[in-house]
Amino acid sequence: MALLEVQGLSVAFGGSKAVDGITLQVESGQLVGLIGPNGAGKTTTVDAVTGFVPPTGSVTFGGILLDGPGRFRRHALSPTKRARLGLARTWQSAELFVDLTVMDNLRVAGERNADAALEEILESLGLLAFSGDLVTALSHGQRKLVGVARALAASPKLVCMDEPAAGLDTKESEHLGKRIREIADHGTAVLLIDHDMGLVLSISDYVYVLDFGKVIAQGPPAEIRTNDQVIEAYLGRRHKEQLAAEATK
Ligand SMILES: Nc1ncnc2c1ncn2[C@@H]1O[C@H](COP(=O)(O)OP(=O)(O)O)[C@@H](O)[C@H]1O
Ligand SMILES: [Mg+2]
């Protein structure tokens, strides 16, 4: 059994299904990408997996049923309990304590970890030099890295990262990509969400593509890159967005 098993997961807001029956797996230490255009249901999937919105379907983590059909739904585990089991996440907007130092942001999240372990995390992300700095003194890119560091502070088995590269320039994004790959290589599984295919395809072991709440393709990056449906979902949409943007110029 995989570390994370998601089966037939659906989330409805009002009448419309944001997530529509998706099934996916993440193995221990694996880096799995979840990509798709804006509005595809990526964030909602992570919200459901980590316990922030109630889904139908089932979510199993480390062999434990977190949420499932019938009586299991009433006993769905809270986000805090899921985090204690080793299921961590980052947020699309970094959600740091801006009036605390970088190190204190990690201390809050990693209460059971000694400072030495937290410093090791900062070091691995190239943040150690900023450990005593207030978050407000950091660049946007550095703050995104602190968000990742904070998720790692609790020594999770799996980190779900929601658009960690959003707002970063190409160089910062490449740097972050390398660090994320290292996190997985050191044994922490990663579910990496992004709407930018480039970063995800370059570092993931396996990729799921969402569109309109459904998995429209899955496979190793090399297969996803040449998948016609994926190209259509992205290029078709992007082309339309470009036309719309040009029309308003
Ligand atoms: N709290 C909410 N209430 C109503 N609709 C929502 C809510 N959150 C997301 N949605 C809708 O669900 C769909 C999927 O959104 P989301 O999961 O944020 O997509 P993504 O992260 O892939 O951009 C979108 O159509 C979005 O408008
Ligand atoms: Mg999102």
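Between domain 1 and domain 2 there are zero salt bridges, a salt bridge being a side-chain nitrogen of Lys or Arg within 4 Å of a carboxyl oxygen of Asp or Glu. This is a predicted model, where local features need pLDDT of at least 70 and side-chain atom pairs count only at pLDDT 80 or more, while totals for chains, interfaces and linings use all residues. Residues are numbered from 1 along each chain as its sequence is written, and side-chain values use heavy atoms, with hydrogens and water left out.

Now the two domains. Domain 1 covers 4-86 + 156-248, and domain 2 covers 96-154; the bounds come from an automatic or database domain assignment. Domain 1 gives 16 residues to the contact and domain 2 gives eleven, with contact meaning heavy atoms within 4.5 Å.

About 990 Å² is buried between them, 70% of it from carbon and sulfur atoms. Buried area is the accessible area (1.4 Å probe) that two parts lose on being put together, summed over both. On the domain 1 side, Pro156, Arg179 and Ile183 lose the most area to domain 2, together 33% of what that side buries.

Glu163 sits in the loop between strand 7 (158-162) and helix 7 (170-185); helices (H or I, at least four residues) and strands (E, at least two) are DSSP runs, numbered from the N terminus. Glu163 is buried without a salt bridge, and Lys42, the nearest side chain of opposite charge, is 4.2 Å away. Buried means under 20% relative accessible area (1.4 Å probe, protein chains only); for charge, Lys and Arg count as positive, Asp and Glu as negative, and His and the chain ends are not counted.

Technical notes:
Chains lettered and ligands numbered in written order. Buried < 20%, exposed > 50% of the residue type's maximum accessible area, 1.4 Å probe, protein only.
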